[in-house]
Amino acid sequence: MDTDLRDLFAFLAVVRAGGFREGARSSGTSASRLSESVRRLEAQLGVRLLHRTTRHVAPTEAGERLAERLSPALGEVRSALDVVNHYRDRPAGTLRLNVPAVAARLVLPAIVTPFLKAYPDIRLEVIVEDSFVDVLAAGCDAGIRYDERLEKDMIAVPIGPRVQRMATAAAPEYLEAHGRPRHPRDLLQHACLRGQFASGAIPTWEFERKGEIVRVDPSGPLLVRLGAAVDLKVAAAVDGLGIIHLFEAWLQPHLDSGALVPLLKPWWQAFSGPYLYYPGRKHLPTPLRAFVDFVRAAGNGHP
């Protein structure tokens, strides 16, 4: 049976992403092209591989079995093709990173431009996703997460600031109207701007001073999904709607300008910075190896 490898890759991209549009984004092609490839593959095999509805795409039993066998096999094909990269003057190929919004905002800007200037034949795709995912199942080469979210079988390389803090702040306008909290528990009497994980969980606000940890669960007029909507929460804080609790580096420009005033600073909790993580396998794709070496050489694990 003469099956086009591109059709197999297309099918696997759709299964991993859970849909044609999502698969198109992760594989750098169009949804219509992926759909055509899957239809062609189903016709060649004489079996339905995907259940399709207007809202959902899922593999059939036959599709699941095929995807299970294809995933490691096509991974070996990619690795075999990547071997020739070692004979090029400059590394080439596509590197896909899965990162949370905070890393896209606070870590990658200082790294991406110099990396791509150093390796002009590498194409970088950044998928922003705050929920923890299996990077391989998501069609990515590596991810960035904080240490408490890392899987045990992954190799982790420090990337970005090694110490970060959560900061609490509010606009002068808000403080003039409502006063300043003197202790973290005072936040329960204030309007607070909250965030929510994709799972629906709303993280508590955690503070620490001289070994004492205080967790509070304040309420307020605004709740946003952590990730892309965080800038909306920041804008609301600057406009005086309430108190915000967020990464210090994210708020720093507004703290420097005076648009936001720091609150409860002795209680700001510090924690270790993020890591670049990837599967511990013998052969790394050349673009990923170049990125790992670049991060290590550039000292992106700075204080």
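**View 1. P172 in helix α7.** P172 is found in helix α7, which covers residues 172–178. The model shown here and in the other views is predicted. P172 counts as partly exposed, because its relative accessibility is 34%, a value that falls between the limits of 20% for buried and 50% for exposed. Leaving aside neighbours within four places in sequence, P172 is in contact with G258, A259 and V261.

**View 2. Helices α8 and α9.** Helix α8 spans residues 230–238 and helix α9 spans residues 248–257. The two pack at an angle of about 30 degrees, and their axes are 12 Å apart. Angles under 35 degrees count as roughly parallel, and α8 and α9 are therefore roughly parallel to each other. Their crossing is right-handed. On the α8 side, the residues that meet α9 are V230, D231, V234 and V238. On the α9 side they are W250, L251 and H254. Sorted by class, this contact has 5 nonpolar residues, 1 polar residue and 1 charged residue.

**View 3. Helices α1 and α3.** The angle at which α1 and α3 pack is about 115 degrees, with 8 Å between their axes. Angles of 65 to 115 degrees count as roughly perpendicular, and α1 and α3 are therefore described as roughly perpendicular to each other. The crossing of α1 past α3 is left-handed. From α1, the residues D7, L8, A10, F11 and V14 take part in the contact. They meet L34, S37, V38, R40 and L41 of α3. By class, the contact of α1 with α3 has 7 nonpolar, 1 polar and 2 charged residues.

**View 4. D7 and R39.** D7 lies in helix α1, residues 5–17, and R39 lies in helix α3, residues 31–45. D7 counts as buried because its relative accessibility is 0%. R39 has a relative accessible area of 49% and is therefore partly exposed, with the limit for exposed set at over 50%. The C-alpha atoms of R39 and D7 are separated by 9.0 Å, and the two residues are 32 residues apart along the chain. Residues up to four places away in sequence not counted, D7 touches S37, R40 and L41.

**View 5. Helices α6 and α10.** Helix α6 (residues 109–118) packs with helix α10 (residues 286–298) at an angle of about 125 degrees, and the axes are 11 Å apart. The pair is therefore oblique. The crossing of α6 and α10 is right-handed. In α6, the contact is made by I111, P114, F115 and A118. In α10, it is made by P287, A290, F291 and F294. The residues of this contact divide into 8 nonpolar, no polar and no charged.

**View 6. Two loop residues with positive phi.** K210 has a positive phi of about 50 degrees although it is not a glycine. K210 lies in the loop between β9 (205–209) and β10 (212–216). With a relative accessible area of 84%, K210 is exposed. L264, also a residue other than glycine, has a positive phi near 55 degrees. The loop that holds L264 runs between β13 (261–263) and β14 (270–272). L264 counts as buried because its relative accessibility is 8%, where the limit for buried is under 20%.

**View 7. C140 and C192.** C140 has a relative accessibility of 4% and therefore counts as buried. C192 is buried as well, with a relative accessible area of 0%. The structure holds 0 disulfides.

**View 8. The protein chain as the setting for the close-ups.** The protein chain contains 10 helices and 15 strands. Of its 303 residues, 42% are buried. Among contacts in the chain with a separation of 6 or more, 72% are accounted for by residues 24 or more positions apart.

How values were computed:
Residues are numbered from 1 along each chain as its sequence is written. This is a predicted model: local features need pLDDT of at least 70, side-chain atom pairs count only at pLDDT 80 or more; totals for chains, interfaces and linings use all residues. Side-chain values use heavy atoms; hydrogens and water are left out. A disulfide is a pair of cysteine sulfur atoms within 2.5 Å. Buried means under 20% relative accessible area, exposed over 50%, partly exposed in between (1.4 Å probe, protein chains only). Axes are lines fitted to C-alpha atoms, for helices over the stretch in contact, and angles run from 0 to 180 degrees between N-to-C directions. Helices (H or I, at least four residues) and strands (E, at least two) are DSSP runs, numbered from the N terminus. Angles under 35 degrees count as roughly parallel, over 145 as roughly antiparallel, 65 to 115 as roughly perpendicular and the rest as oblique. A crossing is left-handed if the near helix is turned anticlockwise from the far one by less than a right angle, and right-handed if clockwise. Contact means heavy atoms within 4.5 Å. Ala, Val, Leu, Ile, Met, Phe, Trp, Tyr, Cys and Pro count as nonpolar, Asp, Glu, Lys and Arg as charged, and the others, Gly among them, as polar.
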